[in-house]
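Hi,

Here is the structure I promised to pass on to you. Have a look at it first, and my notes follow below.

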Amino acid sequence: MQDFLFYLNLGWEHIISLDALDHQLFILVLVAVYFYQDWQKILLLITSFTLGHSFTLALSVLDVFRLSSTLVEILIPVTIMLTAFDNILFRENQKKLMKINYVLALFFGLIHGMGFANTARMAMASEQNITVPLLGFNIGLELGQITVVILVIAVLFFLSKFLQFQQKYWIIGISVVAILLSAQMILQRI
């Protein structure tokens with residue numbers, strides 16, 4: 001149980017820490033197109049991201065698949081930028097955009113999962129069985145992502161309910177900020 005809690009905390013910190021801006025930003029651009037009434041769709045979206053993340057993390061920890069960490073660190077902000085551009089391009093077609101975001105969450109989750117692979121590989125190297133560490137880590141990751149989503153949805157609720165802020169401006173604003181921040185991350189990592 002102590003190992004499970006250790007990895008649960010590691011997954012939580014992986015998404016909640018100040019060093020996790022890239023993951024937080026990706027989640028933000030993914031959920032920017034949803035409204036607070038769409039909480040079930042958002043939960044499915046975040047779980048899709050976790051599944052993709054978990055899959056490549058497991059393959060990386062088992063050393064089945066490995067990609068240069070330098071390349072992965074550049075690809076992560078690229079996923080943010082592409083998702084943000086997608087939000088802007090398809091903002092007038094919410095249903096299509098939501099369907100596309102499910103695919104992006106799963107596929108880009110594969111890339112994000114490789115971002116933590118080296119650290120996870122070292123942390124889990126001494127484990128006989130990686131099931132408990134991966135389960136703990138992924139539950140912690142999911143809880144952290146849900147926390148981020150709740151905060152984002154609360155801000156959107158406040159903006160729309162009390163300030164009459166329209167969601168299309170929210171989508172564009174979040175996406176433009178995400179494009180600028182991800183471009184800065186790409187340049188720093190190159």
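Predicted model: local features only at pLDDT ≥ 70, side-chain atom pairs only at ≥ 80, totals over all residues.

On the inside, 47% of the 190 residues count as buried. As for charges, there are 10 positive and 11 negative side chains, with the centres of the two sets 15 Å apart.

The fold is quick to describe: the chain has 8 helices and 0 strands, giving the pattern α-α-α-α-α-α-α-α along the sequence. The C-alpha trace spans about 55 × 35 × 30 Å along its principal axes. How does the radius of gyration of the chain sit against that of a compact globule? For 190 residues such a globule would have a value near 16 Å, and the chain has 17 Å, so the two agree. I also looked at contacts between residues at least 6 apart in sequence: 83% of these join residues at least 24 apart.

Now to the packing. The largest nonpolar core holds 42 residues, and those touching the most other members are Phe26, Val29, Val31, Ile42, Val149 and Trp170. At least two residues of this core come from each of helix 2 (21-31), helix 3 (39-61), helix 4 (69-89), helix 5 (94-115), helix 7 (131-162) and helix 8 (167-189). Another core of 10 residues lies apart from it, with Leu10, Phe116, Ala120 and Ile130 among its members.

Setting aside residues up to four places away in sequence, Val29 touches Ile80, Thr83, Ala84, Asn87, Asn101, Ile174 and Ala178.

The other is Val149, which is found in helix 7. Is Val149 buried or exposed? Its relative accessible area is 8%, and the cut-off for buried is under 20%, so Val149 is buried. Beyond its neighbours within four places in sequence, Val149 is in contact with Ile27, Val31, Ile42 and Ile46.

Best wishes

Key
Residues numbered from 1 in each chain as written. Heavy atoms only, no water. Helix = DSSP H or I, 4+ residues; strand = E, 2+ residues; numbered from the N terminus. Rg over C-alpha atoms; globule rule 2.2 N^0.38 Å. Buried < 20%, exposed > 50% of the residue type's maximum accessible area, 1.4 Å probe, protein only. Contact = heavy atoms within 4.5 Å. Lys, Arg positive; Asp, Glu negative; His and termini not counted. Charge placed at Lys NZ, Arg CZ, Asp CG, Glu CD. Core = buried A, V, L, I, M, F, W, Y, C linked by side-chain atoms within 4.5 Å.
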